[in-house]
Amino acid sequence: MPAIEDACLAIFDHDGVLVDSLEFHTEAWFELGRRTGLNLTCEFIHRTFGMTNYSIFRLLLGDATTDEEMRYYSNLKEECYRDVARGKIQLMEGARELLDALTAQGVKLAIGSSGARANLELTVHECGLDGRFAAIASLEDITRGKPDPQIFLVAAAKSGVRPERSAVFEDAPVGIQAAKAAGMYAVGLTSTHPAPALVEAGADEVVDSLRGYHVLRLVERLRS
């Protein structure tokens, strides 16, 4: 889709931004460990939160792991996540109000996450957000994980909006780095990492909550 000259876009990471999913993912990783015998710790899970499954399993299993093994473990882990999360997913505080305020200002919405598409679609459906997003960019759309900007560039391209007219809401330093590498405005949310880490990664601003976010100021920045 060709870029639309005056359109603006807000791209939301999924885990830790749209939904507080750390507990679900933690439980899913432990369930994966029970099923497979993999040794997974809370420290490792938190440290790798926001990375692609392939990057995580590369760290966990080593470079000798085959693509087939990676796909097997990745698919199984995401099945564990959906089993754990189904029926319990809730949007982060202020997320729904922010989405509504952005839509009211004519800003397009997108999801840009290294999570599996089925996970993102589960959130969209369970939280009553069907039809709200111009694009969903997921693990299946990319070959390079954050901090590479590919996921956000894909989201912008699918939405028909130029990167410089796009803002990204992210909770992880690697996500902030990816947003800046894409040439986008980066809003850091301190849901999983402290403000100094997000600032150091390059966040243009950092907020503790999505509630009460100043949408008009963001729109003015994107359009200026």
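Good morning. I begin with Ala167, which touches Leu9, Ala10, Ile11, Tyr185, Leu218 and Leu222, residues up to four places away in sequence not being counted; contact here means heavy atoms within 4.5 Å. The structure is a predicted model, in which local features need pLDDT of at least 70, side-chain atom pairs count only at pLDDT 80 or more, and totals for chains, interfaces and linings use all residues. Residues are numbered from 1 along each chain as its sequence is written, and side-chain values use heavy atoms, with hydrogens and water left out.

Let me stay with Ala167 for a moment. Ala167 is found in strand 4; helices (H or I, at least four residues) and strands (E, at least two) are DSSP runs, numbered from the N terminus. Is Ala167 buried or exposed? Ala167 counts as buried because its relative accessibility is 0%. The term buried means under 20% relative accessible area, exposed means over 50%, and partly exposed lies in between, with a 1.4 Å probe and protein chains only. Between the C-alpha atoms of Ala167 and Leu109 there are 9.9 Å, although the two are 58 residues apart along the chain.

Ser166 also lies in strand 4, which covers residues 166-170. With a relative accessibility of 0%, Ser166 counts as buried. Neighbours within four places in sequence aside, Ser166 is in contact with Leu9, Ile11, Ala156, Val161, Met184, Tyr185 and Leu222.

I turn now to the nonpolar cores. A nonpolar core is a set of buried Ala, Val, Leu, Ile, Met, Phe, Trp, Tyr and Cys residues joined through side-chain atoms within 4.5 Å. In soluble globular proteins, nonpolar side chains tend to be buried together. Here the largest nonpolar core has 41 residues, and those with the most contacts inside it are Phe12, Leu98, Leu102, Phe133, Phe169, Tyr213 and Leu218. Leu98 touches Phe12, Phe169, Leu210, Tyr213 and Val215, again without residues up to four places away in sequence. Another core, of 23 residues, lies apart from it and includes Ala7, Leu9, Val154 and Ala178.

Next, the helices. Two packed helices are described by the angle between their axes and the distance between the axes. Axes are lines fitted to C-alpha atoms, for helices over the stretch in contact, and angles run from 0 to 180 degrees between N-to-C directions.

How do helix 4 and helix 6 pack, and at what angle? Helix 4 (residues 67-85) and helix 6 (residues 117-126) meet at an angle of about 15 degrees, with their axes 10 Å apart. Helix 4 is therefore roughly parallel to helix 6. Angles under 35 degrees count as roughly parallel, over 145 as roughly antiparallel, 65 to 115 as roughly perpendicular, and the rest as oblique. On the helix 4 side the contact is made by Glu78, Tyr81, Arg82 and Ala85, and on the helix 6 side by Ala118, Asn119, Leu122 and Glu126. By class, this contact of helix 4 with helix 6 has four nonpolar, one polar and three charged residues. For these classes, Ala, Val, Leu, Ile, Met, Phe, Trp, Tyr, Cys and Pro count as nonpolar, Asp, Glu, Lys and Arg as charged, and the others, Gly among them, as polar.

Within helix 6, the buried residues are Asn119, Leu120, Leu122, Thr123 and Val124. Their cover includes helix 1 (22-36), helix 4, strand 2 (108-112) and strand 3 (135-137). Just after helix 6, Gly128 takes a positive phi of about 70 degrees.

The axes of helix 1 and helix 4 come within 8 Å and cross at roughly 125 degrees, so helix 1 and helix 4 are oblique to each other. The residues of their contact divide into 10 nonpolar, two polar and six charged. Cys80 lies in helix 4 and is buried, with a relative accessible area of 1%. Cys80 touches Ala28, Glu31, Leu32 and Arg35, not counting residues up to four places away in sequence.

The axes of helix 3 (residues 53-61) and helix 4 come within 10 Å and cross at roughly 115 degrees. Helix 3 and helix 4 are therefore roughly perpendicular to each other.

I close with a peptide bond. The bond from Lys146 to Pro147 is cis, with omega near 15 degrees. Pro147 is found in the loop between strand 3 and helix 7 (150-159). Thank you.
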